[in-house]
Amino acid sequence: MTVTGFPIFRIHNTEIPFFFAFTNLLPRTYVVTPSTRALSQWPGIAGTAIDDNASVSTVSIAVKRLTDSSWFNDAAWVLAGTSDPFWRQVTAPGVNCSAGPGASCNWNYGLLTTPFLTSGLQYHVTSISSNTAGKVENFGAGNAGTLRDFTFTWDTSAPASTPTFPVNGVTVAS
């Protein structure tokens with residue numbers, strides 16, 4: 001819900017109109033890359049954020065390794081077994097990420113690279129944004145569980161197959 005208004009103040013018999021807007025709508029982020037559930041080539045992490053009524057001011061992400069519930073801190077996996085996200089800001093501090101209401105903010109995160117990924121394990125990427133009205137996406141929970149987050153499996157193992165038919169040495173007629 002957004003409420004706008006044009007109240008008029010009277011100062012020394014001069015009417016002074018001004019504009020205000022109140023909103024309880026929250027900013028939204030989307031993880032766009034990676035977009036494939038099983039990866040063997042690393043595309044990096046990127047996404048977009050938008051707010052319909054204010055500028056997006058910050059975007060942060062958290063990457064969780066699901067096997068041990070540890071979080072990536074830009075250099076290592078830490079805080080194993082914790083549920084609270086370890087947020088890493090991906091936009092420039094002190095600079096609004098979007099040009100204004102309805103304008104998108106594209107972001108990327110380049111510190112998670114292949115040496116930090118283990119083949120066969122699952123990873124979850126979630127993001128969170130705030131706007132210039134002081135609102136935080138999903139009241140601090142970010143986009144977890146909204147289908148705007150993303151889970152993938154890192155898989156660099158070569159596929160293996162073993163024929164089971166025909167049995168070794170048996171000839172099959174056509």
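Student: In what sense do β8 and strand β11 (residues 88-89) pair, and over how many bridges?

Tutor: They pair in the antiparallel sense over two bridges. Two strands count as paired if DSSP finds at least two bridges between them, so β8 and β11 qualify. In β11, Arg88 is the bridge partner of Ile61. A word on the source: this is a predicted model, where local features need pLDDT of at least 70 and side-chain atom pairs count only at pLDDT 80 or more, while totals for chains, interfaces and linings use all residues. Residues are numbered from 1 along each chain as its sequence is written, and side-chain values use heavy atoms, with hydrogens and water left out.

Student: What makes something a strand, and how many strands does the protein chain have?

Tutor: Helices (H or I, at least four residues) and strands (E, at least two) are DSSP runs, numbered from the N terminus. By that rule the protein chain comes to zero helices and 14 strands.

Student: Which other strands pair with β8?

Tutor: Among them is β13, antiparallel to β8 over nine bridges; here Val59 has Ser129 in β13 as its bridge partner. Strand β9 (residues 70-72) also runs antiparallel to β8, joined by two bridges, and Ser70 in β9 is the bridge partner of Arg65. β8 and β9 form a hairpin with four residues between them, and Ser69 in the turn has a positive phi of about 55°.

Student: Why is β8 described as largely enclosed?

Tutor: Buried means under 20% relative accessible area, exposed means over 50%, and partly exposed lies in between (1.4 Å probe, protein chains only). Nine of the 10 residues of β8 are buried, so β8 is largely enclosed by the rest of the structure. For the whole protein chain, 33% of the 174 residues count as buried.

Student: What makes a group of residues a nonpolar core, and how many residues does the largest one have?

Tutor: A nonpolar core is a set of buried Ala, Val, Leu, Ile, Met, Phe, Trp, Tyr and Cys residues joined through side-chain atoms within 4.5 Å. The largest one here has 22 residues, and those with the most contacts inside it are Ile45, Val63, Leu112 and Phe152. Two or more residues each come from β7 (45-50), β8 (56-65), β12 (105-109), β13 (122-131) and β14 (150-154). β8 gives the most, with four residues.

Student: Which residues does Val63 touch?

Tutor: Contact means heavy atoms within 4.5 Å. Leaving aside residues up to four places away in sequence, Val63 touches Ile45, Ser70, Trp71, Phe72, Trp77, Leu112, His124 and Val125.

Student: How do you know that β7 is mostly covered?

Tutor: Five of its six residues are buried. β7 has paired strands too. Strand β5 (residues 28-33) pairs with β7 in the antiparallel sense over five bridges, with Gly47 in β7 as the bridge partner of Val31. β7 and β12 also pair in the antiparallel sense over five bridges, and Thr48 has Asn106 in β12 as its partner.

Student: Why is Val172 called partly exposed?

Tutor: Its relative accessible area is 46%, so Val172 counts as partly exposed. Val172 is found in the segment after β14.

Student: What makes up the nonpolar surface patch that includes Val172?

Tutor: Phe165, Val167, Val170 and Val172 make this patch, of about 410 Å². Patches are made of residues with over 30% relative accessible area and no salt bridge: like charges are joined within 9 Å, nonpolar side chains (Val, Leu, Ile, Met, Phe, Trp, Tyr) within 5 Å. A salt bridge is a side-chain nitrogen of Lys or Arg within 4 Å of a carboxyl oxygen of Asp or Glu. Accessible areas come from the Shrake-Rupley method with a 1.4 Å probe; for residues, only the protein chains shown count as cover.

Student: What makes the backbone at Pro34, Asp74 and Leu79 worth a look?

Tutor: Most residues other than glycine have a negative phi, and most peptide bonds are trans. The peptide bond from Thr33 to Pro34 is cis, with omega near 5°, and Pro34 lies in the loop between β5 and β6 (38-39). Asp74, which is not a glycine, has a positive phi of about 90°; its place is in the loop between β9 and β10 (77-78). Leu79 has a positive phi near 55° and lies in the loop between β10 and β11.

Student: Are Asp74 and Leu79 buried, exposed or partly exposed?

Tutor: Asp74 is partly exposed, with a relative accessible area of 25%. Leu79, at 43% relative accessibility, counts as partly exposed.
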